[in-house]
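Let's take a friendly walk through a protein model, starting with its overall outline and ending with some of its strands and helices.

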Amino acid sequence: MWDYNNKVMDYFLNPRNVGEIADADAVAEVGNMTCGDALKIFLKIDPATRTITDAKFKTFGCASAIASSSILTEIVIGMTIDEAAKVTNRDIVDRLGELPEEKMHCSVMGMEALQAALGNYAKEHGLTLPSVTDEDADDHEGRIVCKCFGVTDVKIRKVIELNHLTTLAQVTEYTKAGGACGACLDQIQQILDEVNHVAKKAAEPEMKPASGDFSKLSPVKKVLKIQEVIDREIKPALERDGGGIELLDLDGNMVKVRLLGVCSSCVNSKLTLRKLVQGKLHEFLSQDLIVSEE
Ligand code: FES
């Protein structure tokens, strides 16, 4: 038995807004009975005010799926569709207080159902909603990454970004992807690396172009600056092609490096050193630096 808090237990044992809305304006169903969880959500929307006046759900799932779906209907009733489009699985978890990590996919299923319903509504009425794309509608495209659970790259990317996920285990807990045969784990890891690399880059302050101050730095600071340019501007480009680089020494203006991986045996290594490595050091530090390979 999972260790649920009192609020989750209350919404599981006394779920609010269970059922269907016969004349619903927006409906969506997500999940799959064969995978263990499914949720159908019904929304009544006032077209004049774009407000959700009623919401109901039917779910096939565990206690946390019932509690997540139920509290989601309470969250969105009274919201405009623009506000509801911004509701994420984090809002569901926050309103419930907490969910066990292994059950986070239930909150994600709620967010998915809501966005699918709003996506369908927006498509039908020619509207644009924040955070909702055509891919959120029932006929979403996305590339299936996990065949066992039918999870797309779009969903995995979105859940990683929203919840700041960093490990494969977390992606499985939040989306189920990777939780059966494991054949998709490499692809999930690739998406994790991509998303987190982009996020890390965005959080770092921009590197400034060379200002002429480099020559006034102490030798230690010069080495640190060169290492920073290598790490941020050069290494990622080389690693994308299976190569790498390490800084060996700084002797006056001579920067000694070693190319690694496929770069070490590449016929274009001299060009890489001059164009990419030396080019970036000139751009961000000093035109006087000369790069050589040891
Ligand atoms: S393809 Fe993802 S677990 Fe099987």
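Predicted model: local features only at pLDDT ≥ 70, side-chain atom pairs only at ≥ 80, totals over all residues.

The protein contains 10 helices and eight strands. Its radius of gyration is 26 Å, well over the 19 Å that the globule rule gives for 294 residues, so the protein is more spread out than a compact globule. Along the principal axes, the C-alpha trace spans about 75 × 45 × 35 Å. Of the 294 residues, 35% are buried.

The protein is divided into two parts: domain 1 covers 6-199 and domain 2 covers 214-293. Taken over C-alpha atoms, the centres of domain 1 and domain 2 are 45 Å apart.

Now for the sheet. Strands of a sheet pair through backbone hydrogen bonds, either parallel or antiparallel. Here, three strands make an open sheet in the order S1-S2-S3, with antiparallel pairing. Strands S1 (26-32) and S3 (51-60) stand at the edges with a single partner strand each, so one side of each has no neighbour in the sheet. From one strand to the next, the twist averages 15 degrees.

How many bridges join S1 to S2? There are seven, and strand S2 takes in residues 37-46. For Gly31, the bridge partner in S2 is Ala38.

Key
Residues numbered from 1 in each chain as written. Pairing = 2+ DSSP bridges. Helix = DSSP H or I, 4+ residues; strand = E, 2+ residues; numbered from the N terminus. Axes fitted to C-alpha atoms, helices over the stretch in contact; angles between N-to-C directions. Domains from an automatic or database assignment. Rg over C-alpha atoms; globule rule 2.2 N^0.38 Å. Buried ≥ 20, exposed ≤ 12 C-beta atoms within 10 Å, placed from the backbone.
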